[in-house]
Amino acid sequence: MMLSLDSLWCPEGNLTTLKTKPERDRFKRRTSKSLIPEALLHALPETHRTHRQRRSGTWPRTRSLNAPSPIQQFGPCGRIMKNSAMVMQIQDPASQRLTWYKPPLTVLVIKKVHDATILAPFVQLVHWLVHEKSMVVFVEAAVLDDTLLGEYGDFTAVKERLMTFRAGTDDLTDKIDFIICLGGDGTLLHASSLFQQSVPPVMAFHLGSLGFLTPFEFNNFQEQVLNVLEGHAALTLRSRLQCVVLRKSEEDNKKKPTTILVLNEVVVDRGPSPYLSNIDLFLDGKHITSVQGDGLIVSTPTGSTAYAVAAGASMIHPAVPAIMVTPICPHSLSFRPIVVPAGVELKIALSPEARNAMWVSFDGRSRQALQHGDSLYVTTSVYPVPSICAQDQISDWFDSLAECLHWNVRKKQKQVDELSDLTLSSSDTLEEIENNHHDLRPTDT
């Protein structure tokens, strides 16, 4: 649906569609009555609250996650020039929900490798998907090579019905309807790397060590997967970065440059060299700065809670359209992390004065060296990762901050039980000081 800038913030309608002044006044009174969602003003019965926590994405939001549309007139004379760019296609992130236009039939199950604790949940899930839901299940070929799986009788019965593929060799484009991850954040990053274009919806179960990106618990997986298959799910569209490596040798040979999509970050560093990195950073063709230090992190909002936050960057909600640029140990006291609009294109190249090559890695993989004349171009991809929420976009993120990163954990300040005693003791102290001051004065002679 095409929306004008005037209508982006109206949750129940568009002011421009209300013809008469009384109608507009009533609409304004109705929509600006309170900033607090009405559902929060009245306590719900315990049964309703429990049911809400079980369902995915049922938090009753009444406000858009998009910023309000700015006023376009400034003072008595100034205003924004009208042009075709003022009509944009913008959807409130809080309203992004999963829907199936046909029932999903194929599911890709990705499990954490070399972890024996995940074998039992993996067998339970695969057995249920094949025998109870009659779905076609894809797994990586390396998963079947695990000898410990032979100890599970249920898996032996279902093994022959599994479809296998090899990462980097087999193309899964348009073959997978739905992805289930069992493990930690690395399983979601791996799922992202398998799809360098459109990504199927991803449901991630927390069976790893950190689990910032895996909001689902495995205890009642049948009910939770059924909710998703029925379309009862909110989505967080996690933006990815499109990284293009353009080498000087490839320019001469007119070879197609390498393109990689990353979910967390692309990292440029000095590699094994003892010298500082000396990297030029361009934004939309304009030279911004030269980075002298250990390197540079270019991350998505999802990646802001990974390497970037360890290097001193802020944490950004994944619904915020932005790209983060964070230096790694810069040899400058004033080089702070910055956030730039999601639509810009960054170019990273070695400075002419650089003493060594720079090394680049994409979500911790595909590490390679870039020499003088090579360039790395980074911008926001049009292919996000649709991550299914356990609750909603806001609750999941703050729960992860609290549970995984222990954000703002501190002992509570003790309450003063008897404020009057404190006031009296303070006044007594003042009186004592004043009396002592009088006693110390020299007497008249």
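**Close-up views of a predicted model**

**View 1. The end of helix α4, and the helix itself.** Helix α4 itself runs over residues 119-132, 14 residues in total. From its first C-alpha to its last it reaches 19 Å, close to the 20 Å expected at 1.5 Å a residue.

**View 2. The buried residues of α4 and their cover.** Buried residues in this helix include Leu 119, Pro 121, Phe 122, Val 123 and Leu 125. Val 126, Trp 128, Leu 129 and Val 130 are buried too. Among the elements that cover the buried residues of α4 are the strands β5 (106-111), β6 (136-140) and β8 (178-183). The helices α5 (141-144), α6 (153-158) and α8 (221-229) are also part of that cover.

View 3. Beyond residues up to four places away in sequence, Ile 288 touches Leu 281, Phe 282 and Leu 283. Lys 347 is 59 residues from Ile 288 in sequence, and their C-alpha atoms are 10.0 Å apart in space.

**View 4. Thr 326 in strand β17.** Our last stop is Thr 326, found in β17, residues 322-328. With a relative accessible area of 0%, Thr 326 is buried. Neighbours within four places in sequence aside, its contacts are Leu 296, Ile 297, Ala 308, Ala 311, Ala 313 and Pro 337. Gly 295 is 31 residues from Thr 326 along the chain, with 8.8 Å between their C-alpha atoms.

Terms used:
Residues numbered from 1 in each chain as written. Predicted model: local features only at pLDDT ≥ 70, side-chain atom pairs only at ≥ 80, totals over all residues. Heavy atoms only, no water. Helix = DSSP H or I, 4+ residues; strand = E, 2+ residues; numbered from the N terminus. Expected span 1.5 Å × (residues − 1). Buried < 20%, exposed > 50% of the residue type's maximum accessible area, 1.4 Å probe, protein only. Contact = heavy atoms within 4.5 Å.
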